[in-house]
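Thanks for making time this morning.

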Amino acid sequence: MEERTLITLYLEMIVNMESVREFRDRKVFLTSKIEGGNANNFKKYPGDIYSFMPQRDSGENYSSQAYYFKFQIENLLNDLTHITVTAIAEYDDTWKGWQYSIHPTLWIFSPNNQKFPERIHSDRVRTTPQSMSINLILQPFEKIIITNMLTPPYSQLLEEIELLASHYPTLLKLTQIGQSPMGNPLYSIKVNPNATHTNQVKILVGGSPQSNEFGDLAVIFILQEFLNKGTDYWDEFNSRFTLECILFQNSDGMVLGTNMVNSKGENTFFSYFADFHLMPEENKVVWEHIQKEPPDIYLEMHSFFQDNKTLRPYIYPMELLPEKDRQKTYQKIAKSLINLCNGMKESIHKNQPYFQDTLCYRLMERYHTLSFQFKLHSGMSISESKKTAWEVFHNIVRLIKAI
Ligand SMILES: [Zn+2]
């Protein structure tokens with residue numbers, strides 16, 4: 001019953017807000033009816049000031065990321081246009097407005113993917129606990145997407161992996177492993193798919209199911225860096241390891257602009273239940289796929305956007321690993337990832353509510369997979385994110401080799 005109520009509420013919310021997801025006057029056109037769009041209630045005030053409200057995530061109880069947003073703004077004039085767009089956060093005891101992001105990093109995306117995402121200079125953003133004003137200068141007829149999370153659209157990331165797979169037809173194998181309730185596919189990319197897997201360490205890298213974190217992008221960064229290394233590196237790697245990436249664990253959330261929930265209002269990140277039948281559709285797809293060849297290592301990439309958070313690994317309880325050797329390896333990798341983050345870490349304990357139902361926990365419990373989550377930060381530049389994502393992956397590979 002409770003689930004049905006949540007779904008109904010969620011759908012009502014989407015329908016009710018449909019009418020205010022666009023605003024047009026003679027100067028600008030604002031819309032969140034774009035892939036992953038998240039902004040409602042656009043309004044105009046005197047003096048070229050516009051406002052909107054971020055659409056709250058129905059999984060926000062578990063996350064302080066309720067106030068991410070993404071919308072498109074178009075200059076309708078053949079002139080430079082100065083405007084201010086103000087995000088207004090509902091303020092209450094649970095979410096407390098923007099308090100975790102008073103100094104946010106905002107990103108500008110180009111709608112047709114012609115330009116790289118750029119950070120908006122912090123001078124252009126003014127924040128209070130309840131509002132965030134963004135001052136913009138738009139070129140004649142310019143169209144941009146503004147967001148406080150570094151999250152390219154699902155379709156764009158899909159294009160990127162299809163392109164990689166076509167550039168490396170023998171090294172990479174792209175497979176659709178299933179689909180979401182809305183029919184958005186989930187994918188696997190296997191590196192060196194024809195290798196015999198005896199005595200090789202199987203590494204699986206996945207993006208967070210929290211779709212407004214840039215986990216999937218970070219997975220693509222790791223894959224791109226891997227491909228940039230060239231044949232000598234690949235040969236050596238392939239003699240010891242296999243590598244597989246899984247992408248778009250919450251593909252509906254990516255398309256709809258939700259973070260913790262899928263199109264049915266289910267919280268996919270915390271729903272790897274002991275009872276398979278209770279899992280959301282997407283989790284069943286991922287779990288059934290992984291079960292065919294359980295990995296030795298699982299690395300899941302996440303990101304923060306809050307001011308009070310920095311890079312860090314999430315370390316799962318070692319009691320889940322019965323063998324001393326695996327415990328030792330886990331400890332070594334954990335230590336190196338913590339060092340990479342100047343000592344920052346989050347430790348998950350045994351049977352910890354919510355976290356015991358993550359993919360990391362279940363893999364470690366069931367298959368003794370050495371599982372880690374790693375959080376990047378959306379305030380980093382693209383090149384910093386790429387470098388750090390690679391370092392995390394490389395550290396794991398290096399330490400497995402050394403043991
Ligand atoms: Zn996360």
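This is a predicted model: local features need pLDDT of at least 70, side-chain atom pairs count only at pLDDT 80 or more; totals for chains, interfaces and linings use all residues.

The chain holds nine helices and 19 strands, and its C-alpha atoms fill a box of roughly 70 × 50 × 40 Å along the principal axes. Buried residues make up 43% of the 403 residues, and, if we take the contacts with a separation of 6 or more, 74% of them join residues 24 or more positions apart.

Turning to the domains, the chain is divided into domain 1, which covers 2-147, and domain 2, which covers 154-402. Their centres, taken over C-alpha atoms, are separated by 29 Å, and the contact takes 27 residues from domain 1 and 23 residues from domain 2. On the side of domain 1 that touches domain 2, helix H1, residues 2-17, gives the most, with three residues. By class, that side of domain 1 has 10 nonpolar, 13 polar and four charged residues.

Let me now move to helix H2, residues 154-167. Which residues of H2 are buried? They are Tyr154, Leu157 and Ile161, and, seen down the helix axis, they fall within an arc of 70°, so they line one face of H2. What covers the buried residues of H2 includes strands E12 (172-179), E13 (185-191) and E15 (241-247), together with helices H3 (215-228) and H5 (251-256). On the other side of H2, by contrast, Glu162, Leu163, Ser166 and His167 are exposed.

My last stop is Glu266, found in the loop between H5 and helix H6 (281-292). Is Glu266 buried or exposed? Glu266 is buried, because 27 other C-beta atoms lie within 10 Å, where 20 or more are needed for that label. Leaving aside neighbours within four places in sequence, Glu266 is in contact with Val261, Ser271 and Pro280. Glu266 and Glu281, finally, are 15 residues apart in sequence, and their C-alpha atoms are 9.6 Å apart in space.

Terms used:
Residues are numbered from 1 along each chain as its sequence is written. A residue is buried if 20 or more other C-beta atoms lie within 10 Å of its own, exposed if 12 or fewer, and partly exposed in between; C-beta atoms are placed from the backbone. Helices (H or I, at least four residues) and strands (E, at least two) are DSSP runs, numbered from the N terminus. The arc is that of the directions from the helix axis to the C-beta atoms. Two residues are in contact if their C-beta atoms, placed from the backbone, lie within 7 Å. Domain bounds come from an automatic or database domain assignment. Ala, Val, Leu, Ile, Met, Phe, Trp, Tyr, Cys and Pro count as nonpolar, Asp, Glu, Lys and Arg as charged, and the others, Gly among them, as polar.
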